[in-house]
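This report looks at one protein, moving from the whole chain to a sheet and then to an annotated segment. Please keep the sequence and the structure in view while reading.

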Amino acid sequence: MDALNLYILTFNCARNLVDVDRFSHHFFDSLPLPDNLNTSSSSAPPPNLIVLSLQEIAPIAYAFLGGSFLTPYFDTLSQVVNRAVAQRWDDVHYVNIVTDNSGMTGLMVFARSDVAEQIAWLETARIGFGFQEMGNKGAVGARLGYLPSSSPSSQRDGEGGVEETQQPVELTFVAAHLAPMEWAVERRNADWRSLVERLVFERQDSRAAVAGREPVETEESALESAPLLHERSAAAASPVGQQQLQQQHDRRGIYVPTSYLFLAGDLNYRTADRPPHPGDRTSRFPRVNVEASDPRHYSHLLQEDQLSRERAQSRCFQGLSEAPISFPPTYKYSLAARQAVSRAVGGDHALSQDWQWTGTRWPSWCDRVLYLDQAGQPVRPLRYDTLPLFPTSDHRAVALAVSVPTRPMRPADALAQRPAAPFPIDPDWARRRDAARRKELVVGCVAYLGLTWEGNGVLVATVVGLLGAWLVLRSLLNA
């Protein structure tokens, strides 16, 4: 296999369970057309990996408590993937190798069954940068080593001979949800900086993850990773390079020289620095079926995109690329638009004859997929597009189909050619993450008791029980 085909989809779930029937029917709408793959087949082949970046995956109580409270939400999305695959290909199966979250932001990675067997190791990372660094906004990451079945590389053994080893292709996936509102550009840039500084990866047992068990660090997995890390450090071209490479491995941030990086999420960059005025809705909001020269064509609004502006000035996402955008804004669709979609038979509603936007927000490309190449081995975007609007969210899902070379990069070459991390790793990252997690549990418990029917029932039952116990105790004391 000369390349891995990835399908990376980002979706803001708006704290709702997704509609499995609608979502699965359109899940692969952004797969490349056969012409883009230079194949005679009538349909695209099944991707090697499917990656879901999920924002606002569940209400805050369930998301902060995690565990079984999130199980129905993740299970529903697994059903979407499995049903979408079954509808499109015969005898193709996927293994869910990653299901993780940082508060309300989730990440799921599915590997085709033949690919899952070739995953050598797995790392995960979490960070919150919402209120008090909790996970109402945040990021979650997974990094995996894919071992191609025929990728031997020669290296000298301790006696001067040559032995054949295999080097894994490293892939890093990050799901992110940054600060909202038109005016909060600097806050979004600060969230990006926090992500670079404190999203640090820790090794997991990939075999346990693939089997669906709780991943744990084992002595065997640590020993298996040691030769690879030693080789990379020894391969650095200079003492400075050795120091930089060692730092990368001691504190595994997102800018690892030997890894491809894909970052997907509701990045929340807008198309204006202020909320829209009443007249903007008729004069500047995008319309369907207008000429490109019309000021209401979405391409004119795309020129005002904050993310493109900030990235061009190296204030965020340094070194990352994005495929050309040829789709309308993905946010914010009105309740009327969602109700119209809900009434449509089969979910194939074309948003009537016009896109229906909420008048208090600029239509924007909030939902994005960015990537970082390996030097000399570029990522090949195959298709970058949206899925239809679903009635459960005011966002449209965005998906990137992409091809990644499977020839691993030599560490010394990667270090010399890849962009360096724009910010150093925060040495206090673990303490801050753990402190934020404790706060999430407290807030989650309070939200569960106060904002959910189940929690209200528990609270009422507790009060009634305490009151009853007090009455019994008083009667005993007065007897």
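## The protein as a whole

Two residues are said to be in contact when heavy atoms lie within 4.5 Å. In this structure, which is a predicted model, 76% of the contacts between residues at least 6 apart in sequence join residues that are at least 24 apart.

The protein contains 15 helices and 14 strands, and of its 479 residues 53% count as buried. Its accessible surface comes to about 21400 Å², and carbon and sulfur atoms account for 53% of that surface.

## A sheet of six strands

Six strands form an open sheet with mixed pairing, and their order is β3-β4-β2-β1-β14-β13. Because β3 (94-102) and β13 (380-389) stand at the edges with a single partner strand each, one side of each is left without a neighbour in the sheet. From one strand to the next, the twist averages 15°.

Within this order, strand β1 (residues 3-12) and strand β14 (residues 396-405) run antiparallel and are joined by eight bridges; Y7 stands opposite A401 in β14. Helix α3 (residues 71-88) lies across β2 (49-55), β3 and β4 (105-112), and the helix runs at about 145° to β2.

## The annotated segment

Which residues does the UniProt annotation "transmembrane region" cover? According to that record, an unreviewed entry, the annotation covers residues 441-473. In the model, the span of residues 441-473 is 97% helix and 0% strand, and its end C-alpha atoms lie 33 Å apart.

Conventions
Residues numbered from 1 in each chain as written. Predicted model: local features only at pLDDT ≥ 70, side-chain atom pairs only at ≥ 80, totals over all residues. Heavy atoms only, no water. UniProt positions renumbered as here; feature names shortened; annotations may be inferred. Helix = DSSP H or I, 4+ residues; strand = E, 2+ residues; numbered from the N terminus. Pairing = 2+ DSSP bridges. Axes fitted to C-alpha atoms, helices over the stretch in contact; angles between N-to-C directions. Buried < 20%, exposed > 50% of the residue type's maximum accessible area, 1.4 Å probe, protein only. Areas by Shrake-Rupley, 256 points an atom, 1.4 Å probe, with all protein chains shown as cover.
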